[in-house]
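Hi there,

Here is the structure I promised to pass on.

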Amino acid sequence: MKIKDLLENKNITEDKNKLAIGQVLNMSNPEISINKEKEITKDEYKKYKKVVKKLQKGLPIQYITKEAYFYNDKYYVNKDVLIPRLETETLVDDINKLIKNKFKNQNLNVLDIGTGSGIIAITLNKLNKNLNITATDISKKALKIAEKNQKIHNTNVKFIKTNLYQDINNKFDIIISNPPYIEEKSQHIEKEVLKNEPKIALFGGKDGLKYYREILKNIKAILKENHIIAFEIGENQGKKIEKIVKEILPKDEIIIKKDYNNFDRYIYIISKDN
Ligand SMILES: C[S@@+](CC[C@H](N)C(=O)[O-])C[C@H]1O[C@@H](n2cnc3c(N)ncnc32)[C@H](O)[C@@H]1O
């Protein structure tokens, strides 16, 4: 059997078929096109059929290859963690810029709440060596993946298993979180996401705002006077979260930012400089 025979498989979309071939033969799409006449082994064919079956069932390719890209870097992922999203790269980019603007070159304490695969904390650590980063998650399995990624990227984040920031007594200059923010009964969630990604990473209670409320409620206890808080948020949550913030941190500047689809996606809460 040759690659060109696999390309004729009509039981799967062309895109997914090429993903399956590329994964099994370790080839890019152009390589697949150039090597159509290449013979494949029985073993490779067996592996190909397995990958096709998983893709047909709607399993995301990242959970099959066990890798995902974030900020141009490769991360290990499995079904215990959310697949890194492109939107979250903007969150990291913005925080990095805000830090440089506000703090110059000081050593800073950073907390990432709900770290999952560790992408936010690890990327920030790689971008800025002056950060002492702590990252928490309630899922022991997710933290195992974050530790694995930390080893791959040779960073220095302190990972802690806890509920949000319970039992953490430090004060932080920067607090970041991309918490679960989907409404419990949301009709907008994609079938493949719902079926495959960890529920604990997706749902933020009845109105999706549960974790923002919980994080903000006692945030002053772990926040330095001069600070930045950065959240990734759901598509209609900007004004609602702004209202909660204003009650707790009335003097702070609040910036709501939209994503490429013009949906609310980020909120930055910044203390005014004295
Ligand atoms: C939307 S995912 C974000 C993961 C990662 N930070 C990212 O941006 O890809 C939310 C994360 O919050 C974690 N989480 C859920 N409830 C939590 C809680 N009470 N305390 C700490 N982490 C929690 C989940 O396990 C999940 O890893």
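**What I found in the sheet and around it**

Ala230 stands opposite Tyr268 in β9. That pair belongs to a stretch where β7 (residues 223-232) and β9 (residues 264-270) run antiparallel, joined by 5 bridges. Before I go further, please keep in mind that this is a predicted model.

**The whole chain**

The chain has 274 residues, and 32% of them count as buried. It holds 11 helices and 9 strands. Its C-alpha trace spans about 70 × 40 × 30 Å along the principal axes. If you look at contacts with a separation of 6 or more, 67% of them are between residues 24 or more positions apart.

**The sheet**

Seven strands make an open sheet with mixed pairing, in the order β5-β4-β3-β6-β7-β9-β8. At the edges sit β5 (158-161) and β8 (253-258), each of which pairs on one side only. From one strand to the next, the twist averages 15 degrees.

How many of its residues are buried? The count is 6 of the 6, so β6 is largely enclosed by the rest of the structure. β6 has a parallel partner in β3 (residues 108-113), with 4 bridges between the two. In that pairing, Ile113 has Ser177 of β6 as its bridge partner. β6 also runs parallel to β7, and 5 bridges join these two strands. There you will find Ile174 opposite Ile228 of β7.

**Two helices against the sheet**

Helix α11 (residues 238-248) lies across β7, β8 and β9, and runs at about 20 degrees to β9.

Helix α10 (residues 210-217) has Tyr211, Tyr212, Ile215 and Leu216 buried. Because these residues cover an arc of only 125 degrees around the axis, they are on the same side of α10. The buried residues of α10 are covered by elements that include β3, β6, β7 and α11.

**The ligand shell**

Which residues come nearest to the ligand? Of the 22 residues around the ligand, these are Gly114, Gly116, Ile138, Asn178 and Ala201. By class, the shell has 12 nonpolar, 9 polar and 1 charged residues. Helix α7 (119-127) and strand β4 (131-137) each supply at least two residues of this shell.

Phe70 is part of strand β1 (residues 67-70). It has 22 C-beta neighbours inside 10 Å, and the cut-off for buried is 20 or more, so Phe70 counts as buried. Leaving aside residues up to four places away in sequence, Phe70 touches Tyr75, Pro84, Glu89, Ile119 and Thr123. Of these contacts, take Ile119 as an example: Phe70 and Ile119 are 49 residues apart along the chain, and their C-alpha atoms are separated by 7.0 Å.

The other one is Ile21, in helix α2 (residues 14-25). Is Ile21 buried or exposed? With 23 other C-beta atoms within 10 Å, Ile21 is buried. Its contacts, again not counting residues up to four places away in sequence, are Ile3, Leu6, Met27, Ile32 and Tyr48.

**Two backbone angles to check**

Most residues other than glycine have a negative phi.

Lys66 has a positive phi of about 60 degrees although it is not a glycine. This residue is found in the loop between α5 (61-65) and β1. Lys66 has 12 other C-beta atoms within 10 Å, so it is exposed.

Tyr71 also has a positive phi, near 55 degrees, and is a residue other than glycine. Tyr71 lies in the loop between β1 and β2 (73-76).

Best wishes

Technical notes
Residues numbered from 1 in each chain as written. Predicted model: local features only at pLDDT ≥ 70, side-chain atom pairs only at ≥ 80, totals over all residues. Pairing = 2+ DSSP bridges. Contact = placed C-beta atoms within 7 Å. Near = placed C-beta within 6 Å. Nonpolar A, V, L, I, M, F, W, Y, C, P; charged D, E, K, R; others polar. Axes fitted to C-alpha atoms, helices over the stretch in contact; angles between N-to-C directions. Arc of directions from axis to C-beta.
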